[in-house]
Amino acid sequence: MPHELLIIEDDSSLSQMLTLHFEDQGMRVRTAHSCAQALEQLTARQPDLVLLDQQLPDGLGSELISRLLARSPASRIIMMTGVHDLELAIQAIQDGAADFIHKPVKTSVLQAAVDKALAYSPAVAAAQGLATPQIRELIGRSDAMLEVSKQIALSAQSNATVLITGESGTGKEIVARLIHQYSKRSGEFVAINCAAIVDTLLESELFGHEKGAFTGATSAKPGRFQQAEDGTLFLDEIGELAQQLQAKLLRALQEQMVEPVGGNSAVSVNTRIIAATHRDLFQAARDGLFREDLAYRLDVIHIHLPPLRERREDIPLLVDALLARAAQKMERPVSPVDPQALDLLLRHDWPGNVRELENTLIQALVQAREGIISADLIRFHAAQETPTRNPGADDDTLLTLEEVEARHIQKVLWHTGGHKGNSCRILGISRPALDRKIKKYRLQLGNKQHPV
């Protein structure tokens with residue numbers, strides 16, 4: 001029996017093209033050009049599949065999902081939109097859509113989504129009615145980021161442990177917060193950076209401690225696991241966790257129990273774990289630096305964030321959003337970016353990823369005195385000032401890893417004018433770690449060209 005397809009699309013040319021394509025595959029196709037027509041179509045027959053546009057003459061497709069599923073709960077819905085809003089994709093999948101694709105529609109991508117949707121036939125639950133967040137944190141139009149948004153939506157539907165990987169500055173905590181936000185967990189989102197706290201204190205921070213457990217423990221204190229009860233605990237830089245704590249974390253994940261420092265009994269916890277790292281945990285396990293069993297326990301759902309240099313098409317959208325946010329904080333108008341400046345931003349490799357882009361834009365916005373961000377205000381990290389340089393050129397003496405690290409940190413300090421907070425954000429390390437390296441390598445905070 002042929003599949004029933006309902007196309008809800010107000011663009012008659014696209015609707016006709018899709019109709020011909022799927023009729024050639026033997027489907028029975030009906031079309032609607034508005035929300036009202038779509039609901040009328042459902043009174044006659046319930047389709048196996050619905051292709052749903054977002055912008056319709058009498059409403060938004062995203063607001064139609066729950067009504068479609070209420071009348072036809074077994075239908076699979078694929079949303080199509082020209083609006084490059086990644087959190088809209090999350091919300092649509094949360095509300096019951098099977099998939100989400102961007103326009104202009106690529107036939108091969110749409111066909112793959114249709115095949116996948118029709119391969120499953122369980123009834124789709126009604127929409128949960130979750131509110132769309134007003135502040136958009138996930139921004140982009142690239143296929144890679146659309147895939148990330150889908151993974152966020154699917155991850156939010158379970159309580160499985162999530163491992164988020166990606167270079168420093170790619171937005172791993174933003175993804176973790178969105179997973180929590182779109183989940184049904186009633187507790188808080190609690191974050192801790194495993195690299196920012198010394199090992200002796202981290203155990204107490206994670207698992208809590210009893211009164212008198214150590215000098216200064218004048219009262220009992222719950223750990224982050226307990227603070228995130230019924231919520232989500234985000235373990236950033238999990239790859240830096242000391243090995244003695246890895247064993248205790250593994251036990252907590254396996255048994256859903258934690259034992260406070262100085263305590264004699266375990267405490268039951270109901271906490272979802274999301275971990276993040278810029279390292280390959282399984283390579284670290286092979287190197288003897290990380291427990292392989294813990295890596296497997298953390299890597300139940302894996303979300304990888306691509307570096308900014310691999311999704312340059314997202315840079316214009318990010319520039320607009322980051323400048324708008326920075327201007328709002330500074331209580332000043334948004335300065336437009338001239339074409340030459342945007343070209344520089346598009347050609348840069350962004351080793352610090354979105355975090356570096358934001359810092360670069362803030363610096364330019366502060367310096368923009370004539371109402372526009374010009375190319376001369378775009379100041380890159382010294383190591384990346386010439387984007388067109390051949391990365392394979394052997395024009396420097398071979399250095400040790402410590403020498404490379406010292407030079408890189410010095411360039412970042414010069415780039416930020418000695419601002420330790422901004423330097424930490426670009427480098428992806430904690431303030432104590434930066435202070436140690438400044439002392440170790442005898443680095444300078446100021447810059448003769450850009451004084452503090």
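Axes are lines fitted to C-alpha atoms, for helices over the stretch in contact, and angles between N-to-C directions run from 0 to 180 degrees. Helices (H or I, at least four residues) and strands (E, at least two) are DSSP runs numbered from the N terminus. The structure is a predicted model, in which local features need pLDDT of at least 70 and side-chain atom pairs count only at pLDDT 80 or more, while totals for chains, interfaces and linings use all residues. Residues are numbered from 1 along each chain as its sequence is written, and side-chain values use heavy atoms, with hydrogens and water left out.

We can begin with the sheet that contains strand S1. Five strands make up this open sheet, in the order S2-S1-S3-S6-S7 and with parallel pairing; two strands pair if DSSP finds at least two bridges between them. Strand S2 (28-32) and S7 are the edge strands, each pairing on one side only. From one strand to the next, the twist averages 20°. Within the sheet, S1 (residues 4-8) and S3 (residues 49-53) run parallel and share four bridges, and Leu6 has Val50 in S3 as its bridge partner. Helix H4 (residues 86-94) packs on this sheet, touching strand S6 (76-81) and S7, and its direction makes about 155° with that of S7; contact here means heavy atoms within 4.5 Å.

A loop between strand S7 (99-102) and helix H5 (107-118) holds Pro104. The peptide bond joining Lys103 and Pro104 is cis, with omega about 0°. Another backbone feature is found at Asp230, where phi is near 65°, a positive value in a residue other than glycine. Asp230 lies in the loop between helix H9 (224-227) and S10. For context, most residues other than glycine have a negative phi, and most peptide bonds are trans.

Strand S10 belongs to another open sheet of five strands, ordered S9-S10-S13-S8-S14 with parallel pairing. Strand S9 (189-193) and strand S14 (301-304) each have a single partner strand, so one side of each is left without a neighbour in the sheet. Here the twist averages 20° from one strand to the next. S10 (residues 232-236) and S13 (residues 272-277) run parallel and are joined by four bridges, with Ile273 in S13 as the bridge partner of Leu233. Helix H6 packs on the sheet, where it touches strand S8 (162-165), S13 and S14, and its direction makes about 155° with that of S14.

Helix H6 also meets a helix. The axes of H6 (residues 143-156) and H7 (residues 172-182) come within 8 Å and cross at roughly 45°. The two helices are therefore oblique to each other; angles under 35 degrees count as roughly parallel, over 145 as roughly antiparallel, 65 to 115 as roughly perpendicular and the rest as oblique. In this contact, Val148, Ile152, Ser155 and Ala156 of H6 meet Val175, Leu178, Ile179 and Tyr182 of H7. By class, the contact of H6 with H7 has seven nonpolar, one polar and no charged residues (Ala, Val, Leu, Ile, Met, Phe, Trp, Tyr, Cys and Pro count as nonpolar, Asp, Glu, Lys and Arg as charged, and the others, Gly among them, as polar).

Further along, the axes of helix H16 (residues 401-415) and helix H18 (residues 431-441) come within 11 Å and cross at roughly 115°. That makes H16 roughly perpendicular to H18.
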